[in-house]
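Here are some exercises to work through with the structure on your screen. Try each task before you read its solution.

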Amino acid sequence: MTAEDQGRARAEEFRAEHRLGNVPLPDLVSLIELTQGIDVAVLDAKPDEHGMTMRDPVRDVVVVAVATTRNPMRQRSTLAHELGHVLFRDFGPATAGGWDQRSPEEIRADAFARHLLVPLVGLRTILADRNVAGAELVSVSDLSNLVQRFKASPSLVTIQLHVAGLIGPAQKSAWMALSARSLASRFGWSDLYEGWQHESESRRAPQRLLSRAIQGYMANVVSLQAVARLRGLPAEQIAAEFEDAGITPVVLEPPALPAVSPDRPDTDFSDLDALEDAAGELPAVDEQGEGPGAHAG
């Protein structure tokens, strides 16, 4: 079985395991966190850094991190790609060869992401009224609708259309160069796309970590500023949000002083009195600040 076949088979298994059908997937960060029980963070990164998966081998803890970006489709592809690495447990060194070629693990994760985001069955169902043999009946307008519907890049959708036998090589070659931005502008969903851009360029803390921090705030052991730093938002905004939600820290009562026992033993302070009397008999310091033990010039 090729890496492409492995990726496709695992994507179909994942959808079946979690009863996702063949419809477009919702928020991928939540999907990964809820189905895998791992943390996902969206962080600021360098332009050439898109995502990575890290595993602590001692505790077997896995964290997925992806970069903020103005390209929402790329962020979703990266999240799906990293989910593929998690499911295949690609935590060891890559097995492939040179710098000029992608490893089998990367090819497999790419295929997983493509089939997860845009399942072939879903495409064929949507385009069931088309004459599959006459592939030219699938138009650029159809491509725009599919990109918008599955929230996947035009190139990814185009490859799936070709794999499904719904477009020929010429259409595939022409459509691979299209961008989601250009399709949104041409077919009237720019406002929706800009909303997706705003979402994908926002930082996002792992939900479990943030939940624990909020519980700590309510228990009065984590500061509001710490929660605000996790969210990447001003403390005033978090305070207003918490107030609206009725989230407040508990009031801590100071610990009570121990009660005085009637059987408390008498304490003899005579030694302290003797020390105080001895201190009063010491010679006074002269005007130059010199006392006993000081050296004259």
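Two strands pair if DSSP finds at least two bridges between them. Strands (E, at least two residues) and helices (H or I, at least four) are DSSP runs, numbered from the N terminus. A bit of housekeeping: the model is predicted, so local features need pLDDT of at least 70 and side-chain atom pairs count only at pLDDT 80 or more, while totals for chains, interfaces and linings use all residues. Residues are numbered from 1 along each chain as its sequence is written, and side-chain values use heavy atoms, with hydrogens and water left out.

**Exercise 1.** Work out the order of the strands in the sheet.

Solution. Start with S2 and strand S3 (residues 61-67): they pair in the antiparallel sense over six bridges. As a landmark, find glycine 51, which sits opposite valine 66 in S3. Now widen the view: the open sheet has three strands in the order S1-S3-S2, with mixed pairing. Strand S1 (39-43) and strand S2 (51-56) are at the edges with a single partner strand each, so one side of each has no neighbour in the sheet.

**Exercise 2.** Find the angle at which helices H4 and H7 cross, then see which residues make the contact.

Solution. First, the axes: these are lines fitted to C-alpha atoms, for helices over the stretch in contact, and angles run from 0 to 180 degrees between N-to-C directions. The axes of H4 (residues 104-117) and H7 (residues 154-163) come within 10 Å and cross at roughly 85°. Angles of 65 to 115 degrees count as roughly perpendicular, and H4 and H7 are therefore roughly perpendicular to each other. Next, the contact (heavy atoms within 4.5 Å): H4 brings Arg114, His115 and Leu117, and H7 brings Leu156, Ile159, Gln160 and Val163.

**Exercise 3.** Which helix supplies the largest share of the lining of the second largest pocket?

Solution. Helix H2 (28-36), H3, helix H6 (140-150) and helix H10 (190-200) each supply at least two residues of that lining. The largest share, four residues, comes from H3. To place H3 (residues 72-88), go back to the sheet: H3 lies across S1, S2 and S3, running at about 160° to S3.

Methods
Parallel < 35°, antiparallel > 145°, perpendicular 65-115°, else oblique.
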